[in-house]
Amino acid sequence: MKNKEPITVIYLKRNSLRVRDNILFKKAEDLGLKTLVIFCFEPSIINYSDSDIRHLRFVNQSIKSIHSKLRLYNAQVYVFFDEIINVFERINFLYQIRFVLSYEETGNNLTFQRDITLKKYFKSKGVDWLEFENNGVIRGKKDKKNWAKIIEKKLLDDIIEVNLKAVKFLKLKKTEEDFIRNQRDIKDFLKEIDLDDKNFQIGGEEEGIRYLDMFLSKNYVNYIKDISKPYKSQFSCSRLSPYLTYGNLSLKMVYKKAYQKYLEKNVKKLPLRAFISRLIWRSHFIQKFEDEPRIEFENVNRGYNKLKKSPDEKKMRAFFEGKTGIPIIDAVVLCLKKTGYINFRSRAMLVSFFVHNLNQRWQDLAHFLARLFLDYEVGIHYPQLQMQAGVTGVNTIRIYNPVKNSKEHDSEAIFIKKWLPIFSKVPGPQAYEPWRLTYIEQKMYGVFVGKDYPKPIVDIYSTQKEAAKIMWLMKKNKEVKNEAERILKKHVRRR
């Protein structure tokens, strides 16, 4: 085709689904060309074993939120179901793609390889792909020198003012849209992701702002006090993680609003300071993965490659089904399956139990948890997983005792009873260790261990002791120590 019209394409990825403080729309305005806004559900990515329908529904809700804003300017997000390179190929057949705008993505190896392919394709077609920093991550930085200062300064920059009226949006003809789509009927897929589940948080900019305002106006007060409690944390934590993961809110917007709240008079400083600190730590972990993405598959500390574990399908299946016989573990798994959310301590405890008590590999847990976490952020997932699995060599080895955690953070077994109602008549303290109930007590409370609820698949005390012995010995290993020094130099930010 001759004399094709030059255009800009805003390529929305799963990390940039918003309008406010979105540099992509501002840059499109500055470039002045007609602009096409697209999102692509890529079969290779949505069929990968770390993906779940809960993620896709959140994305769909987020796109609807953007639609509601663009509609006022006779514009929309064009949604496709295909590998993204095929979509760009067909757009480029109709138009001359001059610029592609997107945010940098710290994703899994699948999206990383896709971006390498895209970069080569754009270069061959003379397309300028402009990628912008995201999540406070600095691509290509060789060390953590002054990292925190650089990030904090960026997070206090002005919010980007987006004037959608000034963007020249491209409206595709029906024939053009059908040509770019060029695929099988996806009505069933779209219908499935259009079904909302009231047990999950809803995606979208408005919802993200609502949660942010709710947290900073009242919920933050009990943030530190309740952060480790599996039940109360649902109401005292910010619950902003999925809105940051999918870019419904920019990290800068959340950081600035929290910082401004902190500067107000008559506010509780300690919980706000703790929250702000965790926003920086969030970027720190994503930066670690950005700098060393091999840890999606391998131990960050290669010294732990000597630690051999044999997969036990029976134990793993019991864990995945929430039938370990340890009430707090099973309750957390069931809650996560149903809602996509559990607090940080519960996440750490799950990893600890799976890796240490069940003596299984963290790699065999990674995608199970990824599918269940509504806020699954690749860059946080793998560094945290390995830290809790004790294979970094630089962090304290933490092996959580589920019974002790139940007593300290679910004192009346409210959380356990919510997700395991079979224990509704069992007094709180006794619900932590139902295997200790006498036959008379089991009959009295209407729950027989081994029949109505499984017996523990492992002894938590002996397995914890054995795991601690192994892990502390490993930490003294020469190769582990050498690797720990390398990790400290590469990843740890010095004050």
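A residue is termed buried when its relative accessible area is under 20%, exposed when it is over 50%, and partly exposed in between (1.4 Å probe, protein chains only). The structure is a predicted model, in which local features need pLDDT of at least 70 and side-chain atom pairs count only at pLDDT 80 or more, whereas totals for chains, interfaces and linings use all residues. Residues are numbered from 1 along each chain as its sequence is written, and side-chain values use heavy atoms, with hydrogens and water left out.

By the burial criterion, L249 is buried, at 2% relative accessibility. This residue is located in the loop that connects α12 (241-245) with α13 (251-263); helices (H or I, at least four residues) and strands (E, at least two) are DSSP runs numbered from the N terminus. Contact denotes heavy atoms within 4.5 Å. When residues up to four places away in sequence are not counted, L249 touches R18, E205, G208, I209, L212, L240, Y243, L244 and V254. Of L249 and I209, which are 40 residues apart along the chain, the C-alpha atoms are separated by 7.4 Å.

An α-helix has 3.6 residues a turn, so residues three or four places apart point the same way. Within α7, E177 is buried, with a relative accessible area of 16%. Leaving aside neighbours within four places in sequence, E177 is in contact with Y78, F80 and L172. The helix is followed by N182, for which phi is positive, near 40°.

For the protein as a whole, 25 helices and 5 strands are assigned. The radius of gyration is 24 Å, close to the 23 Å that the globule rule gives for 495 residues, so the protein is as compact as a globular protein of that length. The radius is taken over C-alpha atoms, and the rule is 2.2 Å times the number of residues to the power 0.38. Among contacts between residues at least 6 apart in sequence, 80% join residues at least 24 apart.
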